[in-house]
Amino acid sequence: MQLIDSHCHLDFPVFDPDRSQVIQRSQALGVNHMLLAGTTQATWQRLLATLKEFPNLYGALGLHPYFLAEHQALHLQQLAEQLSSQATNPQLVAVGEIGLDFQLPELDRTQQHYLFEQQLALAHEFNLPAIIHVRKAHDPTIATLKRFKLPRGGIIHAFNGSPEQATEYIKLGFYLGIGGAYTWPNATRLQRTLQQLPLDSLLLETDSPDMAPSFAANQRNSPENLPQICQQVAQILQVSPEQLAKHSSQNFHQLFQLTAAQ
């Protein structure tokens with residue numbers, strides 16, 4: 001069974017002691033590729049260096065809403081410069097992680113909207129998919145995406161919305177990231193929604209080192225957990241793990257316009 005972790009943060013310092021080993025163990029389990037999502041301007045070079053060291057990784061650059069206090073207006077210009085200078089880098093495949101986070105009241109919503117829209121404009125300009133972070137903000141996110149109409153869509157990371165919101169995202173060309181949150185026994189609403197989602201819209205992810213699945217509670221999450229996440233999600237969907245893995249990998253290749261060999 002071949003898998004792709006469509007969203008993780010292997011460049012984070014928590015992986016510094018054993019990053020190579022984590023990647024090797026993940027590949028031994030069938031997780032052949034992983035996509036690293038960017039978070040702040042200060043970490044972009046670390047992410048790019050990680051991509052350079054490991055050719056089986058993909059990456060994205062962006063300004064994450066959770067780190068709103070760290071972002072400066074200059075960083076948007078620098079993001080545009082990075083996307084331009086990295087335009088021929090086959091490992092850099094998206095703008096992200098960007099989006100709206102209305103769960104935390106201290107994150108100014110006006111500033112978030114501005115940052116989100118500016119980065120969507122860059123995704124449009126550079127013809128790249130966008131990796132979207134959404135918490136308590138699905139409807140305003142959908143409304144914003146309808147205005148920008150990204151030619152290549154993207155991923156709604158850690159999707160936790162309704163079936164109706166899922167339909168709207170899919171219409172806009174977005175895939176839905178599914179990970180460890182769906183494995184928890186009390187996640188009944190998520191699981192009911194998952195059962196209504198089409199396989200050709202799903203991407204498996206871990207969000208490592210965060211969002212640990214139920215079987216790895218209170219541990220550092222890792223792409224190594226993806227096979228078991230796949231098994232549990234497949235059980236909820238009432239399909240085989242192999243079928244889910246195949247669809248997720250095909251969806252990844254289609255979104256990022258990659259060949260099977262990549």
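The entries run from the whole chain to single residues.

I noted first that this is a predicted model, in which local features need pLDDT of at least 70 and side-chain atom pairs count only at pLDDT 80 or more, while totals for chains, interfaces and linings use all residues. Residues are numbered from 1 along each chain as its sequence is written, and side-chain values use heavy atoms, without hydrogens and water.

Overall build. I found 9 helices and 8 strands in the chain; these are DSSP runs (helices H or I, at least four residues; strands E, at least two), numbered from the N terminus. The radius of gyration is 17 Å, close to the 18 Å of the globule rule for 262 residues, so the chain is as compact as a globular protein of that length. That radius is taken over C-alpha atoms, and the rule is 2.2 Å times the number of residues to the power 0.38. Of the 262 residues, 58% count as buried (under 20% relative accessible area; exposed is over 50%, partly exposed in between; 1.4 Å probe, protein chains only).

Cis peptide bonds. I looked up the bond between Gly-96 and Glu-97, which is cis with omega about 20°; Glu-97 is in strand S4 (residues 92-101). Ser-208 and Pro-209 are also joined by a cis bond, with omega about 10°.

Positive phi. Asp-207, not a glycine, has phi of about 60°. Asp-207 is in the loop between S8 and H8 and is buried at 8% relative accessibility. I also checked Gln-238, whose phi is near 60°. Gln-238 lies in the loop between H8 and helix H9 (241-255) and is exposed at 73%.
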